[in-house]
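Here are my notes on the model you passed along.

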Amino acid sequence: MSQHDLKGKTVLITGGAKNLGGLISRKFAEHGANLVIHYNSTATQADAEDTFNLVQAFGVNAILVQADLTNIQNIEALFVQAKTEFGGIDIAINTVGRVLKKPYLDTTEQEFDDMNDINNKIAYFFIQSAGRHLNEGGKICNIVTSLLAAYTGLYSTYEGLKAPVEHYTRAASKEFGSRGISVTAVAPGPMDTPFFYAQEAPEAVAYHQSASALGGLTKIEDIEPLVRFLVTDGWWITGQTIFANGGYTTR
């Protein structure tokens with residue numbers, strides 16, 4: 001067994017109810033991790049409860065926590081609750097994000113503020129609380145987007161407000177490194193989930209499907225093993241953003 005095996009580790013996952021977060025929850029439970037599964041609101045409660053039931057079937061300990069993390073006090077409270085429940089936290093994974101596809105000239109201040117809260121502010125204070133509460137040798141991973149390496153319009157608030165997470169990743173990895181904590185970000189290509197299709201017209205979907213060198217959209221099943229590697233045996237990779245997109249962008 002690897003010294004970085006997941007068995008018996010405590011993993012906190014924001015947005016852990018469905019799509020990529022849900023798959024991470026299920027696969028980590030399958031590998032023996034105890035889970036703190038966060039979901040945002042009643043809109044995702046049914047998915048969260050389904051995921052919770054599935055992970056419990058693997059015989060691990062898990063708790064389900066609803067919270068609006070745009071109130072950063074709720075981020076800190078989530079970590080405190082997890083630490084109280086399990087005695088410590090080993091791995092923290094943030095999958096929270098929102099896409100807005102809209103021309104620059106049509107974007108409102110309220111839309112900017114909402115996108116900033118979800119894609120930027122949550123990530124910053126998630127890393128802060130993780131750095132405050134993780135056990136020695138802990139692991140932190142945030143999900144960003146391959147649009148950080150794209151030359152495109154229409155996603156200014158999404159790519160622009162995910163971009164700071166690269167810098168937070170570098171800074172936190174330097175500051176937390178003396179405690180053996182690695183910090184990474186993963187940048188998938190457009191993923192084959194409702195998260196993607198809600199924003200895209202059929203012709204845009206066809207373009208994205210054809211744009212990757214390996215063909216097709218990114219599958220959540222392609223990303224989960226990478227996240228799992230980075231927070232286990234791949235812990236020596238730190239301060240990096242890993243672009244996993246089938247050749248959709250050049251990095």
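The numbered points below go from ground rules to the sheet and then to the pockets.

1. Ground rules. This is a predicted model, so local features were taken at pLDDT of at least 70 and side-chain atom pairs at pLDDT 80 or more, while totals for chains, interfaces and linings use all residues. Residues count from 1 along each chain as its sequence is written, and side-chain values rest on heavy atoms, leaving out hydrogens and water.

2. The sheet. Seven strands form an open sheet in the order E3-E2-E1-E4-E5-E6-E7, with parallel pairing. Strand E3 (62-66) and strand E7 (240-244) sit at the edges with a single partner strand each, so one side of each has no neighbour in the sheet. Ignoring direction, neighbouring strands are turned by 15 degrees against each other on average. On terms: helices (H or I, at least four residues) and strands (E, at least two) are DSSP runs numbered from the N terminus, and two strands pair if DSSP finds at least two bridges between them. Angles run from 0 to 180 degrees between N-to-C directions, with axes being lines fitted to C-alpha atoms, for helices over the stretch in contact.

3. Strand E1. In E1 (residues 10-14), five of five residues are buried (under 20% relative accessible area; exposed is over 50%, partly exposed in between, with a 1.4 Å probe and protein chains only). Thr-10, Leu-12 and Thr-14 point one way, while Val-11 and Ile-13 point the other. E1 pairs in the parallel sense with E2 over four bridges, and with strand E4 (residues 89-94) over four bridges. Ile-13 stands opposite Ile-37 in E2 and also opposite Ile-93 in E4.

4. Strand E2. Six of the six residues of E2 are buried, so the rest of the structure largely encloses this strand. Asn-34, Val-36 and His-38 point one way, with Leu-35, Ile-37 and Tyr-39 pointing the other. Toward E3 there are five bridges in a parallel run; His-38 stands opposite Val-65, and Tyr-39 has Gln-66 as its bridge partner.

5. Crossovers. E1, H1 and E2 make a right-handed β-α-β unit (clockwise from the first strand over the helix to the second, with the strands pointing away from the viewer).

6. The largest pocket holds about 1,100 Å³ of space. Of its 45 lining residues, Thr-95, Val-96, Gly-97, Arg-98 and Phe-195 are the closest to the centre. H4 gives the most to the lining, with four residues. By class, the lining has 22 nonpolar, 16 polar and seven charged residues (Ala, Val, Leu, Ile, Met, Phe, Trp, Tyr, Cys and Pro count as nonpolar, Asp, Glu, Lys and Arg as charged, the others, Gly among them, as polar). A pocket here is an open set of points on a 1 Å grid over the protein atoms alone, where a 1.4 Å probe fits, with protein on both sides within 12 Å along at least five of seven lines; lining residues have an atom within 4 Å of a point. Its volume is the space filled by probe spheres set on the points, which are joined across faces, edges and corners.

7. Second pocket. About 170 Å³ lies in the second largest pocket. Its lining includes Lys-101, Tyr-151, Tyr-207 and His-208, and the classes come out at eight nonpolar, three polar and one charged.
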